Amino acid sequence: MFFYFVFLDFSHTSFSGSYIASDQTGETFNIRDSMNCKSDGVIYLLSCVKCKYNQYVGETKQTLTARVAGHRSDINTRSVRKCPHVVTHFNAPGHSLQDMRIFPIEQMRSSDSNSRKMREKFWMSKLRTVYPHGLNELS
């Protein structure tokens, strides 16, 4: 089962038992945690439905809905400060916010930001999302 959400209220949608796939390697990964839009402390995958090989891995201490709102705002205002490749991609000709899909990958048990950042880097490496293979900046 492959689930995603765009920007709607998916609070009743559970992503447990779903899977994500790397556009770069084709490898799939099961989502073991039960998450929804109100989940916080999440590692997530952002993808473009129009383009293969354009994925981004992020982490947030906020709810997933709040973080997605941040991405939307950055794209709408063309603010490249946080996620320049994401903003540039979804402002490219023939693209819009409707092409964006978000997949929660993992919910962290700890509120420690270093733990979230380590898992974010793990998933960036595993899914090969660092530019030019994906939309992540190397940090």
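**Reading helices, strands and core in a predicted model**

Q: How does one judge the span of helix H3 against what is expected?
A: The distance from the first C-alpha to the last is set beside the value expected at 1.5 Å a residue. Helix H3, residues 113-127, has 15 residues and reaches 21 Å, close to the 21 Å expected. For helix H1, residues 64-77, the 14 residues should span 20 Å, and the end C-alpha atoms are 20 Å apart, which agrees.

Q: Which residues of H3 are buried, and which are exposed on the other side?
A: The general idea comes from helix geometry: an α-helix has 3.6 residues a turn, so residues three or four places apart point the same way. In H3, the buried residues are Arg116, Glu120, Trp123, Met124 and Leu127. Seen down the axis of H3, these buried residues fall within an arc of 105 degrees, so they line one face of the helix. On the other side of H3, Asn114, Met118 and Ser125 are exposed.

Q: Against which strands do the buried residues of H3 pack?
A: They pack against strands E1 (19-21), E2 (28-30), E3 (40-48), E4 (55-63) and E5 (100-107).

Q: Which residues of H1 are buried, and what covers them?
A: Leu64, Arg67, Val68, His71, Asp74 and Ile75 are the buried residues of H1. Viewed down the axis of H1, they fall within an arc of 120 degrees, so they line one face of this helix. What covers them includes E3, E4, helix H2 (84-90) and E5. The face of H1 turned away from the buried side carries the exposed residues Asn76 and Thr77.

Q: In what sense do E3 and E4 pair, and over how many bridges?
A: E3 and E4 pair in the antiparallel sense over seven bridges. As an example, Tyr44 has Gly58 in E4 as its bridge partner. The hairpin of E3 and E4 has six residues between the strands, and in it Tyr53 takes a positive phi near 75 degrees. E3 is also joined to E5 by seven bridges, and these strands run antiparallel; here the bridge partner of Val42 is Gln107 in E5. Of the nine residues of E3, eight are buried.

Q: Which residues touch the most other members of the largest nonpolar core?
A: In soluble globular proteins, nonpolar side chains tend to be buried together. Here the largest nonpolar core has 30 residues, and Ile20, Val86, Phe90, Trp123 and Leu127 touch the most other members. E3, E4, H1, H2, E5 and H3 each supply at least two residues of this core, and the largest share, six residues, comes from E3. Leaving out residues up to four places away in sequence, Val86 touches Leu46, Tyr56, His71, Ile75 and Leu135.

Q: Is Asn136 buried or exposed, and what does its side chain reach?
A: With buried taken as under 20% relative accessible area, Asn136 is buried because its value is 3%. Asn136 lies in the segment after H3. Its side chain reaches the backbone oxygen of Val57 at 2.7 Å, and a polar contact of 2.6 Å joins the side chains of Asn136 and Thr129. Beyond neighbours within four places in sequence, the residues in contact with Asn136 include Gln55, Tyr56, His85 and Met124.

Notes. Residues numbered from 1 in each chain as written. Predicted model: local features only at pLDDT ≥ 70, side-chain atom pairs only at ≥ 80, totals over all residues. Heavy atoms only, no water. Helix = DSSP H or I, 4+ residues; strand = E, 2+ residues; numbered from the N terminus. Expected span 1.5 Å × (residues − 1). Buried < 20%, exposed > 50% of the residue type's maximum accessible area, 1.4 Å probe, protein only. Arc of directions from axis to C-beta. Contact = heavy atoms within 4.5 Å. Pairing = 2+ DSSP bridges. Polar contact = N/O pair within 3.5 Å; in protein donor to acceptor, adjacent residues only side chain to side chain. Core = buried A, V, L, I, M, F, W, Y, C linked by side-chain atoms within 4.5 Å.
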